[in-house]
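Hi,

Here is the structure I promised to pass on. Have a look at it first, and my notes on what turned up follow below.

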Amino acid sequence: MKKVYDMEGVGTDVKRFPIPAGIEVKCPSCGETHTFNERCDYLSYPWVGDTGALYFCCESCDKCWTVEATLRASVKIGKVTEQ
């Protein structure tokens, strides 16, 4: 089997794409740790291979910032079975 093409620039056709991962970042202003919450945080209208932004706001110092995020997709090819 061989790779046919890379999935780049493919739309997901969804308005909100939840990220099923725990992402922790520190506030660039005060250093407090914040966690990206998959239940209420998401990428908006993401495209595979394009860079989007995750938005964070710190309640301690009232600063907001973004972190770049790139959505990647892969397909795993399994066993070929004759029908």
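This is a predicted model: local features need pLDDT of at least 70, side-chain atom pairs count only at pLDDT 80 or more; totals for chains, interfaces and linings use all residues.

Let's start with the disulfide. There is one disulfide by the count used here, and it links Cys-57 with Cys-64, with the sulfurs 2.2 Å apart. The Cys-57 to Cys-64 link is right-handed, with 105 degrees about the S-S bond. As for the two partners, Cys-57 has 49% relative accessibility, so it counts as partly exposed. Cys-64 comes out at 55% and is therefore exposed.

What about Cys-27 and Cys-61? The closest cysteine sulfur to that of Cys-27 is in Cys-61, at 3.6 Å, which is too far for a bond. The cut-off for a disulfide is sulfur atoms within 2.5 Å, and Cys-61 is accordingly in no disulfide. These two cysteines also sit in separate accessibility classes: Cys-27 is buried, at 4% relative accessibility, whereas Cys-61 is partly exposed, at 25%. If you are going through the cysteines on screen, the pair to look at for the bond is Cys-57 and Cys-64.

Next, the aromatics. How many aromatic pairs are there? The count comes to one, and it is made by Phe-56 and Trp-65. Their rings are stacked, with 5.6 Å from centre to centre and 10 degrees between the planes. Both partners fall under the 20% limit for buried: Phe-56 has 5% relative accessibility and Trp-65 has 12%.

Which of the elements gives the most? That is strand 7, with four residues. By class, the lining of this pocket is made up of ten nonpolar residues, three polar ones and two charged ones.

That's it from my side.

Cheers

Notes: Residues are numbered from 1 along each chain as its sequence is written. Side-chain values use heavy atoms; hydrogens and water are left out. Buried means under 20% relative accessible area, exposed over 50%, partly exposed in between (1.4 Å probe, protein chains only). Helices (H or I, at least four residues) and strands (E, at least two) are DSSP runs, numbered from the N terminus. Ala, Val, Leu, Ile, Met, Phe, Trp, Tyr, Cys and Pro count as nonpolar, Asp, Glu, Lys and Arg as charged, and the others, Gly among them, as polar. Rings of Phe, Tyr and Trp (its six-membered ring) pair if their centres lie within 6.5 Å; planes under 30 degrees apart count as stacked, over 60 as edge-to-face and the rest as tilted.
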